[in-house]
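Me: I am new to this structure and would like to go through it slowly, asking at each step what a word rests on. Please set each value against its cut-off before you conclude.

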Amino acid sequence: MTRTVTFSSLLLLFLASSLDAADGSQLYAECAKCHGTRGEKTEFSRAIGGWSRGEIKQALKEYRAGKRNLRGQGSIMRQRIAAFSDAQIDAVAAYVSSLK
Ligand code: HEC
């Protein structure tokens with residue numbers, strides 16, 4: 001019994017983390033239009049691919065709160081990120097940090 005429960009929890013954990021990654025790449029599809037499929041430097045922004053998950057999360061939360069505006073275009077990001085939940089921000093941040 002205990003074993004079954006432990007196994008099921010592990011399976012759930014595994015499913016949850018793979019969903020997280022899948023979700024992040026789907027969420028990023030929209031971002032890629034401006035940030036490139038690899039998060040490379042574009043006319044909109046310096047490269048973001050490969051930043052740490054925490055750095056990306058923080059930047060996205062600042063945009064969501066209307067508190068980040070590096071190139072006078074923070075409102076563009078704010079519109080894009082306004083409807084994201086914390087979990088979605090975390091998922092997309094995980095995906096971007098995995099890009100090279
Ligand atoms: C319409 C184009 C556009 C889209 C779509 C877009 N961004 Fe941005 N992004 C920008 C611009 C422009 C900036 C610079 C804003 C500023 O002035 O601070 C930026 C900045 C950023 C930064 C901070 C870069 C830095 O130099 O600190 C991150 C991280 C980022 N975007 C991630 C994302 C993610 C993740 C998504 C998808 C949810 C996304 N962006 C969608 C245009 C876009």
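**The core and the helices around it**

Reply: The largest nonpolar core has 12 residues, namely Ile-48, Ile-56, Leu-60, Tyr-63, Met-77, Ile-81, Ile-89, Ala-91, Val-92, Ala-93, Tyr-95 and Val-96. Helices H2, H3 and H4 each supply at least two residues of this core, and H4 gives the most, with 6 residues. Please keep in mind that the model is predicted.

Me: What makes up the protein, from the N terminus on?

Reply: The elements run α-α-α-α from the N terminus on, and the count is 4 helices and 0 strands. Of the 100 residues in the protein, 17% are buried.

Me: What makes Arg-64 count as buried, partly exposed or exposed?

Reply: The name partly exposed is kept for residues between the two cut-offs, 20 or more for buried and 12 or fewer for exposed. Arg-64 has 19 C-beta neighbours inside 10 Å, so Arg-64 counts as partly exposed. Arg-64 has its place in helix H2, and touches Arg-78, Ile-81, Ala-82 and Phe-84 when residues up to four places away in sequence are not counted. As for Arg-64 and Arg-78, they are 14 residues apart in sequence, while their C-alpha atoms are 5.1 Å apart in space.

Me: Which residues of H2 are buried, and how do you know on which side of H2 they are?

Reply: In H2, the buried residues are Ile-56, Leu-60 and Tyr-63. They cover an arc of only 60° around the axis, and therefore they are on the same side of H2. An α-helix has 3.6 residues a turn, so residues three or four places apart point the same way. The buried residues of H2 pack against H3 and H4.

Me: How do you know what span is expected of H2, and what follows H2?

Reply: The expected span is 1.5 Å times one less than the number of residues. H2 has 12 residues, and its reach of 16 Å from first C-alpha to last is close to the 16 Å expected. H2 is followed by Gly-66, whose phi is positive, near 75°.

Me: What is the reach of H4, and which of its residues are buried?

Reply: H4, with 12 residues, reaches 16 Å from its first C-alpha to its last, which is close to the 16 Å expected at 1.5 Å a residue. The buried residues of H4 are Ile-89, Asp-90, Ala-91, Val-92, Ala-93, Tyr-95, Val-96 and Ser-97.

Me: Which residues does Ile-48 touch, not counting residues up to four places away in sequence?

Reply: On that count, Ile-48 touches His-35, Gly-39, Ile-56 and Val-96.

Me: Which residues come nearest to the ligand, and which helices supply its shell?

Reply: There are 25 residues around the ligand, and Cys-31, Cys-34, Leu-70, Arg-71 and Gln-73 come nearest. Helices H1 (2-35), H2 (53-64), H3 (74-81) and H4 (86-97) each supply at least two residues of the shell. By class, that shell has 13 nonpolar, 6 polar and 6 charged residues.

Terms used:
Residues are numbered from 1 along each chain as its sequence is written. This is a predicted model: local features need pLDDT of at least 70, side-chain atom pairs count only at pLDDT 80 or more; totals for chains, interfaces and linings use all residues. A residue is near a molecule or strand if its C-beta atom, placed from the backbone, lies within 6 Å of it. Ala, Val, Leu, Ile, Met, Phe, Trp, Tyr, Cys and Pro count as nonpolar, Asp, Glu, Lys and Arg as charged, and the others, Gly among them, as polar. A nonpolar core is a set of buried Ala, Val, Leu, Ile, Met, Phe, Trp, Tyr and Cys residues joined through C-beta atoms within 7 Å. Two residues are in contact if their C-beta atoms, placed from the backbone, lie within 7 Å. The arc is that of the directions from the helix axis to the C-beta atoms.
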